[in-house]
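Please look over the sequence and the structure before reading on.

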Amino acid sequence: MPIPIVTAIRNEGIELGVWKQCQGGIELTPTGKEHVEQILGFKDIDICLYRQLAVNEKAREAYANVLSEKYRTAFDERPTADVTLDQAQCTVQTAFRRALLCLVNGALIGKQIVCMGDDDFVSLALGFLLKELYPCQNIYPTHVHVLEMDSRYIECLNRQAEHFALPISCEQVDLRMPLPAHLCGRFDCLFTDPPYTQEGASLFLSRAISVLKEKSGLSIFFSFGNKSATGNYFLQKCFQLHGLTIKDMFTRFNEYMGASLLGNKGQLFVLETTERTRALFPLEKQGRNDIYTADRHLRQNRYRCRQCGKVYEVGKEGDYQTIKDLKEQGCPACGCTTFNRLHKNRDAAIKQHLPLGHHILADFYNCDPKRLDDVEQIRTFMHEAAINAGATIVQENFHKYAPVGVSGVVVIQESHLTIHTWPECGYAAVDLFTCGTNVRPWTAFDYLQTQLKCPKVEYSDLMRGARNL
């Protein structure tokens, strides 16, 4: 940290009475020590272990392996993964690496943590880590609450939490349904490994934001299967729409057992809430039902037996529900257990995934007030913006308000361009919605920013009708 910031923090702490100047630096006052121990939750913590894990990455990796071996039998009791719910259990080491990442980000000690879906048993890893950090007590400053729809996992976690006296509680919740009101705004930190669809990611993020406290800087540890560059683009747009920022991104952090479709590895995002964070699906609103991969891809996959060549349909309405079922049973014709997937036409798949439209929502600040209040100039600017973008104009309509302000729309064959101005504030709201691949909305954006003499602009760049991504 820059020295002036360190100095300012030191002076603020001294003024608040939480620490005092001493020879060679500062030290906590009795008031400060009480705050750290009682309020922040560090009383009776193994401070040497905590410091080692907080600052040394190699020590964390080694300790994750130590804890994995020590508590492996507890994880071995996990129920079988239900692939129709996109369950794919991570390795025991991954669960403990996630727990240690929580500690490093300052989201473990003294926090209320929620695990939204927990077939990975991250809650158990968090509980065991707390048990190691507080070896002399069974009451912890941190509590972990699990929201899970699969009763098998709830029963298993409750049994383990009771056996090891861990600070874990479970609640059966289907996140597609409206959330219970008592969960709203309760938690400081969240873990989730949502369905591997855009719809699932968006719904789970909305639920996460609803249960977190309304505060900037809270952590969401968000695991997701590795995607193509285009898939990651839309995923990160999803983060932006929810007002979340990416603090860290680990492309091959999660290791999964038997998840060949994921390449046995997946990415983990450390997201943080901001002042603009919002839930797209309100707490009381029901989400869509088809959020799981199996629901989104109802078409059957076809597999050919590597030995005899017989082809089988695999999917919800096929000969077998999953490829795992087919492999376990073996080919009915010859008994072979290895199969090759028959791939669909790639060009058709790409075309199906293309979004229908491109939507730029722009806030233009500190514009020239005279230009914002001149309806004829605004009409010209919008007309020229559409022409420069390569759009085909269908109709135009502009209106001058009294005493000030202009609204207008340019209807184009490829959708529309609109503007609403507040000259008294130097502000214009601009909406550029284009369809197809022949129009250049950013050209219109740049042209309008220049003509309105706008030094400051904020915008959202949306893909509309992004199907099946």
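The buried residues of helix α7 are covered by several elements, including α4, α6, β4 and β5. The model is a predicted one. The covering elements named here have these ranges:

| Element | Residues |
|---|---|
| α4 | 57-75 |
| α6 | 122-133 |
| β4 | 143-148 |
| β5 | 168-172 |

Which residues of α7 are buried? They are Y153, I154, C156, L157, Q160 and A161. Helix α7 itself covers residues 151-164, 14 residues in total. From its first C-alpha to its last, α7 reaches 20 Å, close to the 20 Å expected at 1.5 Å a residue. A165 follows α7, and its phi is positive, near 55°.

Now the sheet. Six strands make up an open sheet, ordered β14-β15-β16-β17-β13-β18, with antiparallel pairing. At its edges lie β14 (393-400) and β18 (456-464), each of which pairs on one side only. Neighbouring strands in this sheet are turned against each other by 10° on average, direction ignored.

One pair can be followed in detail. Strand β13 spans residues 357-365 and strand β17 spans residues 427-435. Eight bridges join β13 and β17 in the antiparallel sense. Within this pairing, H358 stands opposite T434 in β17.

Which helix packs on the sheet? Helix α15, residues 441-451, does, touching β13, β16 (415-422), β17 and β18. The direction of α15 makes about 10° with that of β13.

Notes. Residues numbered from 1 in each chain as written. Predicted model: local features only at pLDDT ≥ 70, side-chain atom pairs only at ≥ 80, totals over all residues. Heavy atoms only, no water. Pairing = 2+ DSSP bridges. Helix = DSSP H or I, 4+ residues; strand = E, 2+ residues; numbered from the N terminus. Axes fitted to C-alpha atoms, helices over the stretch in contact; angles between N-to-C directions. Contact = heavy atoms within 4.5 Å. Expected span 1.5 Å × (residues − 1). Buried < 20%, exposed > 50% of the residue type's maximum accessible area, 1.4 Å probe, protein only.
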